Amino acid sequence: MLTFTIRRLLLAIPTLLFIALVIFALLKLAPGDPTANVPLTVPPEVKAKMREALGLGQPNYIQFYKWLVQFFVIEPQIMIDHFFGTHFADGKLRVISWQWRGPVMDVVVQRLPQTLWVVGLSYVVGAMIAIPIGVISAYKQYSWFDQIGTFISMIGFSVPTFFTGLLLIVIFSVYLGWFPSIYDTTLVVNDWTSFVKQMKQIAMPVFVLALYNAAQISRFMRASMLDNLNQDYVRTARAKGLSEKVVVLVHVLRNSMIPVVTVIALGVPGVFGGAIITEQVFKVNGIGDMLIKAIEANDLPTVQTLTFIFAFLIVIFNLIADILYGILDPRIRYD
Amino acid sequence: MKMKTILMGAACAFAMAPAAFAERGSDGQLNIIYWQAPSTMNQYLSGGNKEQDAAALVNEPLARYDASGAIVPWLVDEVPTVENGGVSADLKTITWKLTEGLKWSDGTPVTSSDVKFTWEYCTDPDGGCASSNYFDGVASIDTPDERTAVIHFSEPKPFPYGPFVGASTPIIQKAQFENCVGAKAQECTTENFNPIGTGPFVVTDFRPNDVISFKANPNYRDPNKPAFATVTFKGGGDAQAAGRSVLETGEFDYAWNLQLSPDVLASMESAGKGTVIKGFGTSVERIMINLTDVSPDLGDERGTIKHPHPFLSDINVRKALSMAIDRALLTKIGYGETGKPTCNVLPAPAIYVSTANDSCLTQDIEGANKLLDDAGWVKGSDGIRAKDGVRLSVLYQTSTNAVRQKYQAAIKQWWNQIGVEVELRNISASVFFGSDPGSNDTFQKFFADVEMYTNNFNGTDPEGYMASWTCAQIPSPENQWQGNNMPRFCNDDYEALVKEMSVTGDINKRAELAKAMNDMLMQNYIILPITHRASVSARSNTLGGVDMNVWDSQMWNVADWTRAK
């Protein structure tokens, strides 16, 4: 198992480097101009100067090399400096955004809490709702509970979040006035009132995303339960005289969780990626919002850094899912 | 006795309380929403309107335009003119005298060296300053004493209010930015996010592309202002959500740039929480006509003046295209109350507006057909006109935007009615307005027959704007396709007018020249103006003191904003 993990980790390095190169090439090949959003009242020759000041004139391989050094050497040094008070990175140039002319990673750190609050919570809530629904739906297949569950998951699956989001805003913010329609990033949670306020402002986005996540996971859970319920070992367990509760919740559930856990693990990078659309609808200034704005503004360093972080997380969580597989199912051993 | 004094004092305090509304910070919190989020507080590095407005809370110019477009003194006691001796008779120097006792928000005095430094900062060739064109022609700045700054121009400047007037060129503090000049400007993150200013507010927390928190400036020159103690300047989302948050839910007090369809705005306003405010500046949605041939067969000479356009070089065709457009209907569909049909590319200020072209306001399909018939363009079996084997088939491009696509669809129909075939195309705004010389889809390269977009100019003086259509401004491979003269119009009479305006000081004479230039462009039908667009914002009904300004930043008088009781 250990050798497997090490081998996979080593293989990840060339994969990630290749991904970085592909992202860079794609961004370079795409048309666009970081000064496109500057008003037309600014003369073209001034815009040309602004582009030059951003370092756009340099050859591509130098720009790529600079990004590699900044991302893999200088940014980790900054992190070490931050935690241990050392001075490795003093005076070195970090990955700088073309929009705000400041370090990209500082803003990632600023944005991450919002994304984790909203998208992370919705994922947890979604999974917690989905598992019992999946179990009951499968156990009582074709009952009214199963039918309603299927109906709701179909809605959650097929209705896009920008529609449910707007619907909720119109109902709960405009007509009822219960929840704010715009997320307040400056809110500091330090007492009960601010906590209630925080809950209020995340209620709608969490609901929208939880519905979507729950729909997905509950379907997986149901299918996996159904596969196991008809297996021989279930009949054996019942024949031994075990109670129905033990049969379902210990024997069947545990075995059915194996594929579901993988699905959940593979979805985690998506949490960090933020839910681009939902963040836009509710004005949550998270990672997804940061990415979409950077794309609109042709802010190459930010797009490159963010997409690379997502790629990194996907590779890592794939590995984690594989390892979890082996732990949950003793039959699977990679060595 | 002592007790009595205390009681008297307390009584007085209570009696005074109602008058306390004029005190600094007494109105609490102000919430502003910009659906495009500011990414830096240093507008010199960005040039965007959103950054300019955010910075307007902190940094101020020497003089500004008020809501009527007049120049008003801001950090000075009076605006220098030739009459009061502030501008020299040869129009080559202007002398600004700072108001006495001005302080930066850190408590240090504002001096003329800060003014001079701002010029040096913005004109450094490696700095990439977005306002550097405002300092064109400035030869040097002298600072004879702490309060006096003398700007020397290399040539006479009939309109010397370019530098340090209006939202584009505020004064920054020398002490703070001294080490951020040139290439280092980009790296000074702390300075760029937390500028020290003279304005009514100071930044307490800046989060790029997200939210800015401000508090009242303790050293602001008027001890009773600003009325608000703190400001939250939220960015992000879309125009509709921003409008909703002010007009329907009342979460915010002021929303900027609400480009929404007229019915959406009206239904939001009917919720009764806020008011839509608008102001007509100089923005005109226009169609540019390409006078050059853009056929791909021409290779490197595509879209250059070496090859005139096969049919758009015929003025009758251009005129017919203009006559076929119903400007009033388009404006009504696209902008409602927030637009006016126009026949001028120079629609404001009032003194510069020509009335010579107003006949274009009425659509005349029949007349257009007749004009083309007379000019020898004959309809073929497919209904498309042709002459000598040249078919009237145009490629019509614009940026991707719901209103613009509505315009395109309607205009295509009308042009079809006069026998012109139309192919529509829309390009993502970031590509269309980008100036990547490698892309063939930019509005400057203009590899299409006609294109549509909005342009305007800052401030109230049209000299620079009218000079956009000179021969030197034609985008071409030689200048990497940079330039403002999209139609590639080149006319000696027009050049002469531009030259004359650059040396004319008298305002009425200048107005005449600007009108003549506008009329020449219009009567050559190289630009077809359609809609004069207003800036649209929304304010909460509880917010007082807002004075919508299209000539300067919308935040120009934020110090006077109050909470209406």
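Q: What makes a stretch of chain a helix or a strand in this predicted model?
A: The model is predicted, and a helix in it is a DSSP run of type H or I with at least four residues, while a strand is a run of type E with at least two, numbered from the N terminus.

Q: Where does B:Phe135 lie, in terms of these elements?
A: B:Phe135 is in the loop that stands between α3 and β5 of chain B.

Q: Why is B:Phe135 called buried rather than exposed?
A: A residue counts as buried under 20% relative accessible area, and B:Phe135 has a relative accessibility of 3%, so the word buried applies.

Q: Which residues are in contact with B:Phe135, once its neighbours within four places in sequence are left aside?
A: The contacts of B:Phe135 are with B:Trp119, B:Cys122, B:Thr123, B:Pro163, B:Phe164 and B:Thr169. Each of them is called a contact because heavy atoms come within 4.5 Å. B:Phe164 stands 29 residues from B:Phe135 in sequence, and their C-alpha atoms are 8.9 Å apart in space.

Q: How do you know that β4(B) and β6(B) are paired strands, and in which sense do they run?
A: Pairing needs at least two bridges, and five bridges join β4(B) to β6, residues 148-153 of chain B, so the two strands pair, and they run antiparallel. As an example from this pair, B:Ile94 stands opposite B:Ile151 in β6(B).

Q: What makes β4 and β5 of chain B edge strands?
A: The open sheet has three strands in the order β4-β6-β5 (chain B), with antiparallel pairing. Both β4 (93-97) and β5 (138-145) pair on one side only, and this is what the name edge strand refers to. From one strand to the next, the twist averages 20 degrees. Helix α3 (residues 112-123) of chain B packs on this sheet, where it touches β5 and β6, and its direction makes about 165 degrees with that of β5(B).

Q: Why is β1(B) described as mostly covered?
A: Five of the six residues of β1 (residues 29-34) in chain B are buried, and each of these five therefore has a relative accessible area under 20%.

Q: With which strand does β1(B) pair over two bridges, and what makes this enough for pairing?
A: The partner is β10 (residues 254-255) of chain B, which pairs with β1(B) in the parallel sense over two bridges; since at least two bridges are required, the pair meets the requirement. Here B:Ile33 stands opposite B:Ala255 in β10(B). β1(B) also pairs in the parallel sense with β9 (residues 230-235) of chain B, over six bridges, and in β9(B) the bridge partner of B:Tyr34 is B:Gly235.

Q: How do you know whether B:Gly274 is buried or exposed?
A: B:Gly274 belongs to strand β11 (residues 274-289) of chain B. Its relative accessible area is 6%, so B:Gly274 is buried, given that the limit is under 20%. Among the residues that B:Gly274 touches are B:Val246, B:Leu247 and B:Arg539.

Q: Is B:Asp388 buried or exposed, and what makes it so?
A: B:Asp388 has a relative accessible area of 75% and is therefore exposed, as that word is used for values over 50%. B:Asp388 sits in the loop between β14 and β15 of chain B, and its phi is near 50 degrees, a positive value in a residue other than glycine.

Q: How many helices and strands has chain A?
A: Chain A has twelve helices and zero strands. Of its 335 residues, 47% count as buried, which means that they fall under 20% relative accessible area.

Notes. Residues are numbered from 1 along each chain as its sequence is written. Chains are lettered from A and ligands numbered from 1 in the order in which they are written. This is a predicted model: local features need pLDDT of at least 70, side-chain atom pairs count only at pLDDT 80 or more; totals for chains, interfaces and linings use all residues. Side-chain values use heavy atoms; hydrogens and water are left out. Axes are lines fitted to C-alpha atoms, for helices over the stretch in contact, and angles run from 0 to 180 degrees between N-to-C directions. Buried means under 20% relative accessible area, exposed over 50%, partly exposed in between (1.4 Å probe, protein chains only).
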